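Visitor: I have a model open and want to learn how to read its features. Please take me through them one at a time.

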Amino acid sequence: MGGLGPDLDFATSALPEVTERLVRGWASAVWDVGRAFGTIGARMGDRILEITTYRSEAYDPDSRKPAVDFGHSLTGDLGRRDFTVNAMALALPAREFVDPYGGLKDLASKVLRTPLTPEQSFGDDPLRMLRAARFAAQLGFDTDPAVVEAMASMAERIEIVSAERVRDELVKLVLSSQPRRGLRLLVETELAEHVIPELPALRLERDEHHRHKDVYEHSLTVLERAIELESRLSSGRPDLVVRLAALLHDIGKPRTRRFLPDGSVTFHHHDMVGAAMARKRLRALRFPNDQVEAVSRLVELHLRFHGYGSGGWTDAAVRRYVRDAGRELERLHVLTRADCTTRNRRKAELLSRTYDGLEERIARLSEQEELAALRPDLNGTQIMEILGIGPGPFVGEAYRHLLELRIEHGPLGAERAERELLSWWQSREDAGTAEER
């Protein structure tokens, strides 16, 4: 497919210890972290080689880890691969093309089939069901009906796979060029019910009396729009946090949906509920804490812009928007723009211009006030010196008070900040004296 990179995979009858002995004579580096699975890694110039003993692996029905058995032939080894397009080899040194399961034909037809029966393949490693969706998203391939049927009938088997392996496949799917294709396959086969059940839950029932947009389709569309807008990010690269936030931004809606007498539907506080749900799901999938917090913060803030109206926010409100977004401000810009999926062209253009205006105000205030490093005019050491106190909770209270003043009024300057601090401190003492009386 024209995608050959620096990594090459080899299969051999040699056992790992033999392979290791052979490559140490000429490889610039050798590692054996995959020895338990029969794999020895080596570097040769710019090439990374993974050399694996012929093998067959299968899950015990009650185990989360595959049991590895070494095989005796290339054909047998290829038969244990996930899909026929990955079950082809070039026999060396004769350079004989080996394709016992019709992988080349499937590659040309862009179809995902398994070398053996799908039931046997997925029984050997249930993660392959998730990998089918990932390849469909990455390569734009169709999935053979027998594979789809097996995915649906065996979906619950994915639960024996470790959360980390599931997470890694889901990440690759979400970061693919066509994630919608793979996510649809997960939902249609009900595999998503065991991996990310919040996604199929978005398919809310609708009728002619209670009309609202299709939240499931809307979420997939927002994900695609976010991908289109990733060029706005300073990295300019696919961004996992943005894509996860786009996919999950409305997952709080099913739990917060309420029907009103006039036939309308509300989803009050779905942003807050959704943030908590996103945090819980991503933690269950063993995502790193920084990604968990970043995604949940974006889900929590994705509606904030809609209070901006036609630009009526005060500078203080703009500062709070920046403060609350923190390091995720750039991503919040992308998510908010992506969430505008209206087909009303006039409305879409108005929302876009309005958000342009907000970004311009943020840029202007940032230039004037260093919003990216929003902090009070006095630091903790200065607060303690002025009040004559040591470290403790009062310092934190004072710091937060000065930060709120900074947000409300902009930079105060050291002198005014000191006056405000002393006034606040005196009011606390007066309140304490009044309570004692």
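Visitor: Which residue forms a salt bridge with Arg 113?

Guide: Side chains of opposite charge can pair when their charged atoms come close. Here Arg 113 pairs with Asp 106, with the closest N and O atoms 2.8 Å apart. A salt bridge is a side-chain nitrogen of Lys or Arg within 4 Å of a carboxyl oxygen of Asp or Glu. This is a predicted model: local features need pLDDT of at least 70, side-chain atom pairs count only at pLDDT 80 or more, and totals for chains, interfaces and linings use all residues. Residues are numbered from 1 along each chain as its sequence is written, and side-chain values use heavy atoms, leaving out hydrogens and water.

Visitor: Is Asp 106 buried or exposed?

Guide: Buried means under 20% relative accessible area, exposed over 50%, partly exposed in between (1.4 Å probe, protein chains only). Asp 106 has 7%, so it is buried. Arg 113, at 27%, is partly exposed.

Visitor: Which residue forms a salt bridge with Glu 293?

Guide: Arg 283, with the closest N and O atoms 3.2 Å apart. Glu 293 lies in helix 14 and Arg 283 in helix 13, so the pair ties together parts ten residues apart in sequence. Helices are DSSP runs (H or I, at least four residues), numbered from the N terminus. Glu 293 is partly exposed at 35%, and Arg 283 is partly exposed at 45%.

Visitor: What should helix 14 span?

Guide: The expected span is 1.5 Å times one less than the number of residues. For the 13 residues of helix 14 (289-301) that gives 18 Å, and the end C-alpha atoms are 18 Å apart, so the two agree.

Visitor: What do the buried residues of helix 14 pack against?

Guide: Helix 11 (240-248), helix 13 (270-284), helix 15 (315-325) and helix 16 (329-338). The buried residues include Val 292, Val 295, Leu 298 and Val 299.

Visitor: Which residues touch the most other members of the largest nonpolar core?

Guide: In soluble globular proteins, nonpolar side chains tend to be buried together. A nonpolar core is a set of buried Ala, Val, Leu, Ile, Met, Phe, Trp, Tyr and Cys residues joined through side-chain atoms within 4.5 Å. The largest one here has 83 residues, and Ile 158, Leu 186 and Tyr 321 touch the most other members. Contact means heavy atoms within 4.5 Å. Beyond its neighbours within four places in sequence, Ile 158 contacts residues including Pro 126, Met 129, Val 166 and His 194. Another core, of twelve residues, lies apart; Leu 402 and Leu 421 are among them.

Methods
Helix = DSSP H or I, 4+ residues; strand = E, 2+ residues; numbered from the N terminus.
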